[in-house]
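This report goes through a few parts of one protein model. Look at the sequence and the structure before reading on.

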Amino acid sequence: MRICFLTLDFLPFRSSGLSFYAEKVVEGLAARGHTITVVASYRPEYTQVNDIQMPANVSIIRVPIGRADWISFGWQAAKYLRSRGANFDVVHFADIHFAYAYYGPFVASAFQSFRQRLTSYYGWPYHTNWLDFLFRLIYYNGARWMMEQPAVRRALHIIMSSVTTQQEFIKHYRLDPMRTTVIYPGIDLRRFEKLPDKVEARRCLGLPTDMPILLCVGFLTPRKGVEYLAQALARMKTLAYLVIVGKWESSYQKRFLRALGDTRSRVHLAGYVSDACLSLYYAAADVFVLPTLLEGFGFPIVEAMASGLPVITTTGGAASEIVGNAGLVVKPCDSDALAQAIDRVLSDPDLAYQLRQIGQHRVRNLFDQNRATVALESLYHRLLSQSSY
């Protein structure tokens with residue numbers, strides 16, 4: 001098949017879990033022999049990279065975007081598609097929001113809605129300060145009615161990252177269930193088959209070897225709720241060390257640091273790291289914690305389970321669905337419950353072992369990249385066999 005896959009960011013730049021999803025989809029489809037044209041944004045960061053090694057059946061088109069970011073990308077992506085005519089068998093937008101300006105037949109993936117973003121923090125948008133709150137309130141409402149709703153109506157089919165997301169769009173966007181398919185995104189499980197010993201990994205990373213290590217991974221915005229993890233660290237009965245890996249929204253990092261108080265000496269902010277280095281952090285940790293307010297899927301949860309880590313997360317979005325019975329789940333914004341859950345896992349080796357075993361089994365059965373690719377390929381074939389495409 002000739003597939004056009006459109007995503008805001010693509011290698012060598014990652015801006016969110018959506019970028020990682022795009023990489024896995026393109027990688028999997030290319031391995032099965034399909035011809036892929038990736039349409040992604042051009043950013044200044046690309047000038048720092050001399051070359052990107054991609055399979056011969058993958059080509060990358062960069063379109064310019066300005067300060068409007070994904071809004072500009074959606075416009076430029078539609079412009080590119082119009083210029084190409086009907087030269088693709090399948091047009092697939094990595095996120096339904098990117099498709100707002102395109103009127104041809106397309107499929108899209110969906111992770112979370114703007115309605116969820118508007119209500120994820122006690123019925124309001126998550127935010128850093130009042131100015132940020134007002135901006136998000138106006139922005140999310142505008143995007144929902146002017147871009148998201150039309151794109152949902154026009155999509156030929158929407159690939160849902162979870163049942164939670166599927167139900168969100170069916171209930172609140174009046175989407176016909178027959179136009180949806182749940183396909184869990186997958187990861188390359190081989191990355192986690194031969195992780196180094198925990199002590200070796202800690203020494204390599206310069207982390208303490210005399211106390212339990214909590215790990216949190218993600219693109220850190222107010223949606224991740226890590227200030228509640230900071231509060232939980234101070235309320236735990238167990239003395240533990242916290243490592244956070246990922247890029248930060250600068251104003252949100254300041255809020256997190258203020259929440260740490262006296263526990264600042266027991267926290268390491270690693271920033272963004274390579275995939276190889278990230279595997280070391282998973283190997284070094286005792287428990288993975290994601291105190292998210294809203295999660296469309298949660299690749300770090302899946303990676304943590306694949307690494308054999310017990311997971312503690314929240315009921316925010318699809319996080320609890322993804323972890324299943326391989327972890328403990330608390331309500332978002334509840335630092336006391338978070339502290340109690342972490343203490344429980346750290347003080348009960350049998351529970352920790354049970355969660356590790358369940359998590360690795362769950363990942364093998366539900367979140368393998370090959371399984372996800374075959375399911376997506378089968379959906380493409382089914383849609384192509386229908387005259388409506």
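A pocket is an open set of grid points with protein on both sides within 12 Å along at least five of seven lines, and its lining residues have an atom within 4 Å of a point. The model described here is predicted.

The second largest pocket has a volume of about 200 Å³. Its lining is made up of 13 residues, and Glu27, Asp188, Arg190, Gln369 and Asn370 are the ones nearest the centre. Helix 1 (17-31) and helix 14 (369-384) each contribute at least two lining residues. Helix 14 gives the largest share, four residues.

Helix 4 covers residues 130-154, and its end C-alpha atoms are 35 Å apart; 25 residues at 1.5 Å a residue should span 36 Å, so the two values agree. A kink of about 45 degrees is centred on Arg144. Arg144 is also one of the buried residues of helix 4, which include Phe133, Tyr140 and Met147. Among the elements covering these buried residues are helix 2 (70-84) and helix 5 (163-172).

Arg255 belongs to helix 8 (residues 250-260). Is Arg255 buried or exposed? Its relative accessible area is 18%, and buried means under 20%, so Arg255 is buried. Beyond its neighbours within four places in sequence, Arg255 is in contact with Tyr121, His127, Thr128 and Glu227.

| Side chain | Backbone atom | Distance |
|---|---|---|
| Asn129, oxygen | Leu131, nitrogen | 3.2 Å |
| Arg255 | His127, oxygen | 2.4 Å |

Technical notes:
Residues numbered from 1 in each chain as written. Predicted model: local features only at pLDDT ≥ 70, side-chain atom pairs only at ≥ 80, totals over all residues. Heavy atoms only, no water. Expected span 1.5 Å × (residues − 1). Bend = angle between axes of the 7 residues up to and from the residue. Buried < 20%, exposed > 50% of the residue type's maximum accessible area, 1.4 Å probe, protein only. Contact = heavy atoms within 4.5 Å. Polar contact = N/O pair within 3.5 Å; in protein donor to acceptor, adjacent residues only side chain to side chain. 1 Å grid on protein atoms, 1.4 Å probe; cavity = no way out; pocket = protein on both sides within 12 Å on 5 of 7 lines; lining within 4 Å. Points joined across faces, edges and corners; volume = space filled by probe spheres on them.
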